[in-house]
Amino acid sequence: PVAPVVGQSSVLVLTGPEHMRQRKLLLPPFHGERMREYEDVIVDATRRDMAEWPLGRPMQVQQRSRKITLEVILRAVFGVEAERMEALRRAIADLMEPINAVTVLRAALRRPSAGRPTGQFGQALDRMDAVIYEELERRRGQEDLAERRDILSLLMQARDEEGRAMSDGELRDELVTLLLAGHETTATSVAWAIERLVRHPQKLKRLTQEIDAAEEGGGDEYMTAVVQETLRVRPVVPIVVRVLQEELEVGGHSLPAGTRVTPSIYLTNRNARVYDDPTAFRPERFL
């Protein structure tokens with residue numbers, strides 16, 4: 001929910017050819033095969049943190065999952081330099097701290113703007129930007145840049161059809177979007193998945209059996225179904241906000257260009273005309 005507020009160009013303003021240019025520049029670092037290279041990073045970060053989870057007493061899972069996903073995204077984006085990123089971790093934590101449902105709703109309903117946030121939020125953003133720009137300058141001076149596989153290095157090496165690289169401002173925007181939206185949304189989904197599975201022990205048992213079988217060459221169909229069903233009943237983003245660029249007719253009502261519309265992901269996923277027994281947690285519906 002934070003990324004659209006703090007992004008400057010790539011999140012809010014880019015349209016047409018410039019948007020397509022950046023999209024093409026972003027494709028190579030996020031190729032499917034390259035994403036699979038981060039599997040060990042994810043497993044290692046998860047096991048390290050879970051070793052400290054308390055046993056026999058309640059805890060807030062989302063705080064734990066956020067710590068894990070932040071560590072993963074930092075290592076995927078910056079590589080081994082993630083070990084030096086304590087200042088960035090603190091700045092990101094400061095940005096996420098004031099976020100709550102009311103804040104998100106107000107931000108979503110405001111008219112889109114490229115203006116920079118102020119107050120405590122803006123100060124945390126300034127600190128994060130300072131770390132990012134310092135890292136960009138340092139990274140450009142590294143002799144092994146062409147051999148590096150982290151996302152930042154790949155983005156810095158990317159070129160469009162005219163041989164142009166991303167500017168520091170464009171790189172900053174992409175990194176902010178990755179760092180904030182990339183770890184917060186995943187952390188929330190992971191926490192909800194655990195919540196749903198703990199409350200449905202038979203589903204949890206089936207999932208763990210599939211995971212055990214995967215070590216002997218089994219598949220991950222049920223795990224995928226659990227992820228999909230979790231996102232259906234507990235969507236991370238309950239609504240999206242769009243401003244119509246041209247007239248649209250919905251249910252017999254004519255909405256003129258410029259109208260702000262807020263499609264509800266939450267209500268769509270709980271529509272009985274779309275899903276049988278829509279409030280039930282049934283991963284099997286996706287098999």
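A: Buried means under 20% relative accessible area, exposed means over 50%, and partly exposed lies in between (1.4 Å probe, protein chains only). The model is predicted: residues are numbered from 1 along each chain as its sequence is written, local features need pLDDT of at least 70, side-chain atom pairs count only at pLDDT 80 or more, and totals for chains, interfaces and linings use all residues. Side-chain values rest on heavy atoms, with hydrogens and water left out.

The count is 22 salt bridges (a side-chain nitrogen of Lys or Arg within 4 Å of a carboxyl oxygen of Asp or Glu).

Start with K67 and E52. Their closest N and O atoms are 4.0 Å apart. K67 counts as partly exposed because its relative accessibility is 49%. E52 counts as exposed because its value is 51%.

Stay on helix α5 for the next pair. E71 and R89 meet through their side chains in a salt bridge, at 2.9 Å from N to O. E71 belongs to α5, while R89 belongs to helix α6 (residues 86-96). The two residues are 18 apart in the chain, so this pair too links distant parts. E71 is buried because its relative accessibility is 15%. R89 is buried as well, at 16%. Here a helix is joined to a helix.

Now R139 and D150. The closest N and O atoms of this salt bridge are 2.8 Å apart. R139 lies in helix α8 (residues 119-140). D150 lies in the loop between α8 and α9 (151-157). The partners are 11 residues apart, and again distant parts of the chain are linked. Both R139 and D150 are buried.

To recap by burial: E71 is buried, R89 is buried, and R139 and D150 are buried. K67 is partly exposed, whereas E52 is exposed.

Note on methods:
Helices (H or I, at least four residues) and strands (E, at least two) are DSSP runs, numbered from the N terminus.
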